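Please examine the structure shown here, and then follow the explanation below.

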Amino acid sequence: MTTLKRLLASCLATVLVATGCGLSDGGSVPLPVGPGPDGTVPALEGVRVTVGGKDFTEGVIGSYLVEFLLAAAGMEVSDMSSLAGSNSFRQALVTGQVDIGMEYTGTAWMSYLGNSEPIRDPEGQWVAVRDADLEAHDLRWLPPTTVDNTYSFAMSRATAEETGLRTFSDYARLVQTDPESAVTCMETEFSVRRDGWPGLAEAYGFDAATVPVPIMQPGIIYQATATGRECRFGEVYTTDGRVKGLDLVVLEDDQRFFPVYNLATVVRGEFLDAHPEIEDVLAPLVEVLDNEVMVEMNMRVDVDGDDPALVARDFLVDRGLVSAE
């Protein structure tokens, strides 16, 4: 899909969610799972739940982790794990077409709740999002994982050795002296987000308009950056498995512009009040998910080509949280 088509699809999906039409009830859980060692949860058996998520690798894996745990507890799970764009997922959650999903604290704080300054302390950021979303939308943020999938720019190892760049301050100086040599590929959403390209340029004091910025789909950016022809630098997610798989060098955010993006589960308040047992079912994710394991799961999908549903189930089976039927 071209970038333009992807953007139009995302916008259309957002409109459809916001107007309460156009979304199906979702599919079934992609792979069968059985209960973990503690069995099902009687109060949840047969309860219908719709799990939503975003259409990139980590978003899909996160959705499947939630789906498998809830299915193993005995719930009837509907899968809406690949909604196009952050706004589509958010609107589906706010409007009640999705009951639960995984989201990033920084995304909610900056993009959904409209704050211009992130909170640098992870716990403080989560508390602020938890309280604001509870008051504004009755969305309940469960305790966060330590997964911090923040933005950065990466370059090939050859580019890193050639330029000597290590930090975003170095990158800013390159832009100021030779912007044509700082060709930076990014996705559409990042190019306009306040916690993305415009804010980064303001924080580091360079003119974003002088930099050639090819817009690409996220999956293409990594390979294009690794080859170094179309992109000398590329927007990446720090927990993306392709960073490690393609031996990319990530710039240090030395002025700490990018927000903390801790991954946490968000549930509609009405649904959680009716089924409070869900919090205990999903609590193990806080203990088992961190950047290291998320990078490895992402690598299995984006580098090795494995099915994200299989990757998510394997992880939960290995941790003894569910069984494979």
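A crossing of two helices is called left-handed if the near helix is turned anticlockwise from the far one by less than a right angle, and right-handed if it is turned clockwise. Helices (H or I, at least four residues) and strands (E, at least two) are DSSP runs, numbered from the N terminus. The model is predicted, so local features need pLDDT of at least 70, side-chain atom pairs count only at pLDDT 80 or more, and totals for chains, interfaces and linings use all residues. Residues are numbered from 1 along each chain as its sequence is written, and side-chain values use heavy atoms, with hydrogens and water left out.

Helix 2 passes helix 16 in a right-handed crossing. The contact (heavy atoms within 4.5 Å) is made by V60, I61, Y64, L65, F68 and L69 of helix 2 together with P308, A309, V311, A312, R313, F315 and L316 of helix 16. Of these residues, twelve are nonpolar, none is polar and one is charged; Ala, Val, Leu, Ile, Met, Phe, Trp, Tyr, Cys and Pro count as nonpolar, Asp, Glu, Lys and Arg as charged, and the others, Gly among them, as polar.

Elsewhere, an open sheet of four strands has the order 7-8-6-9 and mixed pairing, where two strands pair if DSSP finds at least two bridges between them. Strand 7 (184-185) and strand 9 (249-250) stand at the edges with a single partner strand each, so one side of each has no neighbour in the sheet. Strand 7 runs parallel to strand 8 (residues 233-237), and two bridges join them. The bridge partner of C185 in strand 8 is G234.
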